[in-house]
Amino acid sequence: MLASVSSAVVVGVEGHGVRVEVHVAGGLPSFSVVGLPDASCREARDRVRAAVLSAGFRFPPERITVNLAPTDLRKHGPCLDLPIALALLVASGQLDADPLVGTGFLGELGLDGSVRPVVGALPLAEVLGSGPLVVPLRNLDEVRLVAPGARGAATLRGVAECLQGESPWPDPEPRRSIGAGGVVGESSAERPSVDLADVQGHPLGRLAIEVAAAGGHHTLLVGPPGAGKTMLAERLVGLLPDLTDQEALEVARVHSAAGPTRPGGPVSDAPAVLSRRPPFRSPHHTASVVALVGGGSRTLRPGEISLATSGVLFMDELGEFPAAHLDALRQPLESGVVDVVRASVSARLPARFLLVGATNPCPCGFAPDPRCRCSPAQIQRYVRRLSGPVLDRFDLRVRIERPDPESLFGGGAAVESTGDVRPRVLGARQVAAGRGVRCNRMLRGDALERHAPLHPDAVDLLRDRVDRGTLSVRGAQRVRAVALTLIDLAGGSPPIGVDDLLLAEHLRIGDVTGGAAP
Amino acid sequence: MNPAGPSHRPAGAGLPDAAYLATMAGLDLVGPATLRRLASLGDPAATWELIRTGRVPESVCAARAVAPRSQVERWRRQSETVDPESAWIRLRHLGIGVVALGGDGYPRMLLDDPDPPAVLFTLGDPAVLDQPCVAVVGTRKSTGYGRGVAHDLGRELAAVGVCVVSGLALGIDAAAHAGACEGGAPPAAVVGAGLDRPCPGANLALARRVAALGLVCSEVPPGTRAQPWRFPVRNRVVASLASVVVVVESARTGGSMSTVDHAVARDRTVLAVPGPVGNPASEGCNALIAEGAGVCTGVGDVLAALGLSGLVRATPEDRRETPGGDAATVLDALCWRPESVEFLARETRLDLRAVVRGLDWLERHGWVRRTGGFVQRAAAPPGGPPWSP
Ligand SMILES: [Zn+2]
């Protein structure tokens with residue numbers, strides 16, 4: 001007898017529909033899975049057999065063939081356990097076929113017949129569409145963001161009974177939903193845990209992160225250890241605007257697909273409610289390229305740059321990251337997506353992040369102060385790592401000094417809080433939206449010429465810098481875009497004057513060592 | 001022991017003496033004094049034959065930990081692996097010349113030296129050393145201030161026809177050479193390693209420029225790596241070539257101080273550039289001044305020491321426009337060490353925009369230099385060459 005059930009597998013951050021067909025016929029007892037399953041998928045046989053028996057069903061001593069269609073898609077992961085088991089029960093006459101028709105199922109089975117959560121439940125649920133859906137109970141919050149009617153499953157036995165109408169579904173009532181344009185989350189309730197009001201001093205650093213948030217400019221913070229680079233970077237994310245519905249869903253999808261193996265926590269830590277707040281990711285320099293940009297030998301998982309999409313990717317100790325890692329960021333920084341290709345599969349993952357780098361000016365961190373004890377060769381090696389192509393990606397490069405002790409002990413002026421600065425950022429983003437871009441960093445070529453006209457004196461200034469070689473032609477254009485953001489933040493309007501350009505120029509130092517390089 | 005007769009001349013007959021000396025310079029444990037003793041044995045080709053056959057007189061060997069007998073034996077074994085003729089061809093191929101003590105092209109300043117190099121390997125023109133030479137030296141761990149001073153001195157000395165001599169090391173040496181390359185007169189460099197790798201990679205481009213415009217020379221043959229013990233030995237050549245030695249920045253101990261010792265031993269004038277109190281890179285210079293060395297505050301002091309003071313104005317007048325307004329306030333807040341813009345904003349109580357605007361004016365008018373987010377006063381007003389108005 002033949003039975004079939006709808007399910008899905010995840011590739012990258014997208015779900016792909018899979019039809020699970022089970023055929024039970026006479027012959028020597030056997031259990032085979034066909035249709036391009038990978039090893040983890042083939043192991044389903046053992047889990048399904050144990051779960052079926054544990055749940056008190058009969059395991060048919062016959063010839064069982066499981067086919068996973070379409071057969072050209074490589075299937076990975078245990079999320080097909082539950083649909084295989086259910087189709088097997090139907091095919092062996094232990095379960096009515098009718099309640100399963102048109103319903104999608106996801107879930108890994110434990111040997112005891114329990115239904116365990118799966119990685120990527122959100123994109124899986126999305127592809128299964130609007131029909132009824134049964135998912136592991138612990139994935140339910142996540143899934144209901146896109147499928148409000150989904151039901152939760154705790155055990156194989158329970159699912160069978162609920163489908164037959166013998167017992168009620170164990171899941172709680174839906175709490176939140178995203179309908180067509182529905183509202184999710186409540187950003188006011190999600191206050192960032194850190195606030196700019198905690199940062200004393202750092203006038204330049206505060207300005208830099210405000211400009212970075214407003215203009216979407218990638219930012220490099222250069223300074224000695226303990227100067228407050230990480231503190232500033234963490235507060236940048238609090239200045240960014242709330243995510244749109246689309247962005248929030250995309251972030252949730254990526255985090256769901258990344259699953260529990262990522263630093264970022266177990267499945268239950270994945271954003272079970274859509275968060276309106278942009279993510280903040282801070283990969284360590286010892287992370288692998290795969291952990292950083294995504295991929296993997298068996299399955300395509302999103303990396304840190306995708307987990308940071310619509311948010312901030314903070315790379316502390318940028319100079320310590322291997323050159324290959326920095327190189328792998330080039331395409332995503334240009335295009336906002338990352339293409340991950342493995343032997344048989346490829347996936348396009350979102351990677352639209354604001355890059356914030358932090359680095360010491362030299363290995364000991366003190367250059368150009370006479371306290372620096374690095375040899376010229378050490379400094380040169382450091383400078384080479386942080387030169388040309390790497391530096392070029394940062395519109396803003398700011399020197400962060402240890403704050404003046406006076407300002408640490410309350411001697412400084414009262415400082416603005418995140419709540420004070422954020423409206424200016426949002427205002428600037430709105431002005432940018434009026435130019436047809438998400439932020440001023442996106443203004444290139446003609447668009448920059450049109451939206452960032454220069455005062456004649458400012459033209460002379462830029463020409464002088466290019467002539468003297470302190471700015472490249474490209475660098476001059478980036479300074480111009482930053483100057484435009486400065487104007488937007490101040491509530492002014494173009495043309496760009498000399499003062500704005502001079503400040504923007506100072507926010508883009510050319511030498512991370514502060515002149516210590518020989 | 002008798003010098004070997006003509007019948008012992010090896011196959012490479014016809015090679016110039018310098019070829020044999022150049023090969024001997026590459027033997028283990030051969031320093032300048034040993035090489036001079038080898039050279040004094042007579043015909044270098046015959047001396048090479050003595051080395052090859054292990055018959056070098058023990059009196060040639062330096063008093064070292066190594067017993068003379070085993071040293072002679074070591075040379076004999078080494079001589080089996082090198083051949084003066086192919087070494088000479090290789091030198092030609094690299095474009096490297098050899099001048100020998102007592103031979104043509106040997107620098108005059110070195111002739112009276114108590115410890116002259118027996119040979120010098122050269123890239124470029126040794127005749128540039130016939131000009132008055134000034135050594136501009138200092139630490140590798142320099143500050144922006146020191147490199148600024150060294151660069152200006154190098155340029156301004158070269159502009160009045162002085163040959164600037166230094167060691168092509170990172171820091172002060174490199175800054176002085178870079179300045180000299182802009183100035184006009186050919187510069188000269190004395191390096192401690194073989195001329196195939198004369199200096200740290202970062203300075204190779206500079207080394208090529210110095211060789212193209214002037215001279216890069218070394219006491220040791222190509223293939224010799226930079227060994228720490230060679231630097232003080234090299235420094236004596238720098239000191240010996242120069243009529244005046246200017247120390248721009250130096251710690252209390254270090255390579256520049258060995259150059260000073262060699263210069264004092266040779267009766268050369270030593271000048272030191274004063275620096276900020278508390279900066280380790282200037283401690284040596286300030287101490288030299290306290291001990292009675294001359295003070296160098298600009299090219300005029302060096303030329304006076306050279307006896308060429310008539311070439312430039314005694315005190316170059318400051319032709320920079322006097323700053324006003326915020327620029328003046330910012331300049332007042334700036335001492336000689338590099339400061340951040342945040343520091344300036346705090347000191348002057350001006351906002352960032354006003355500070356940056358002031359700095360732009362000051363930079364355009366030659367009062368300050370900016371690097372990597374830091375600002376410091378420009379070292380000295382660029383004094384023009386003597387023939388400029
Ligand atoms: Zn350092």
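This is a predicted model: local features need pLDDT of at least 70, side-chain atom pairs count only at pLDDT 80 or more; totals for chains, interfaces and linings use all residues.

Me: Which helices of chain A supply residues to the side that touches chain B?
Reply: Helix 7 (203–215), helix 14 (376–385), helix 19 (456–468) and helix 21 (498–506) of chain A each put in at least two residues.

Me: And which one gives the most?
Reply: That's helix 21 of chain A, with six residues.

Me: What's that side of chain A like by residue class?
Reply: You'll find 16 nonpolar, six polar and 11 charged residues on the side of chain A that touches chain B.

Me: How much area do chain A and chain B bury between them?
Reply: About 2,600 Å², and 60% of it is on carbon and sulfur atoms. As for contacts, 33 residues of chain A meet 24 residues of chain B.

Me: OK, how many salt bridges go across the interface of chain A and chain B?
Reply: The rule finds four. There's a salt bridge between the side chains of B:Arg353 and A:Asp500, at 2.7 Å from N to O.

Me: How many over all chains?
Reply: The count comes to 45. Take A:Arg235 and A:Asp198, whose side chains meet at 3.0 Å, N to O.

Me: Where do those two sit?
Reply: A:Arg235 is in helix 8 (residues 229–239) of chain A, while A:Asp198 is in the loop between helix 6 (156–163) and helix 7, so the pair ties together parts that are 37 residues apart in sequence.

Me: Is A:Arg235 buried or exposed?
Reply: Buried, because its relative accessibility is 7% and the cut-off for buried is under 20%. A:Asp198 counts as partly exposed at 44%.

Me: Which residues do salt bridges with shared partners join into one network?
Reply: A:Asp464, A:Arg465, A:Arg468, A:Glu505, B:Asp360, B:Glu363, B:Arg364 and B:Arg370.

Me: Switching topic: which way do the residues of strand 5 of chain B point?
Reply: In strand 5 (residues 188–191), B:Ala188 and B:Val190 point one way and B:Ala189 and B:Val191 the other, and all are buried. In a regular strand, side chains alternate between the two faces of the sheet.

Me: In what sense does strand 5 of chain B pair with strand 4?
Reply: Parallel, over two bridges, with strand 4 covering residues 163–166 of chain B. B:Ala189 is the bridge partner of B:Ser166.

Terms used
Residues are numbered from 1 along each chain as its sequence is written. Chains are lettered from A and ligands numbered from 1 in the order in which they are written. Side-chain values use heavy atoms; hydrogens and water are left out. Contact means heavy atoms within 4.5 Å. Buried area is the accessible area (1.4 Å probe) that two parts lose on being put together, summed over both. Helices (H or I, at least four residues) and strands (E, at least two) are DSSP runs, numbered from the N terminus. Ala, Val, Leu, Ile, Met, Phe, Trp, Tyr, Cys and Pro count as nonpolar, Asp, Glu, Lys and Arg as charged, and the others, Gly among them, as polar. Buried means under 20% relative accessible area, exposed over 50%, partly exposed in between (1.4 Å probe, protein chains only). Two strands pair if DSSP finds at least two bridges between them.
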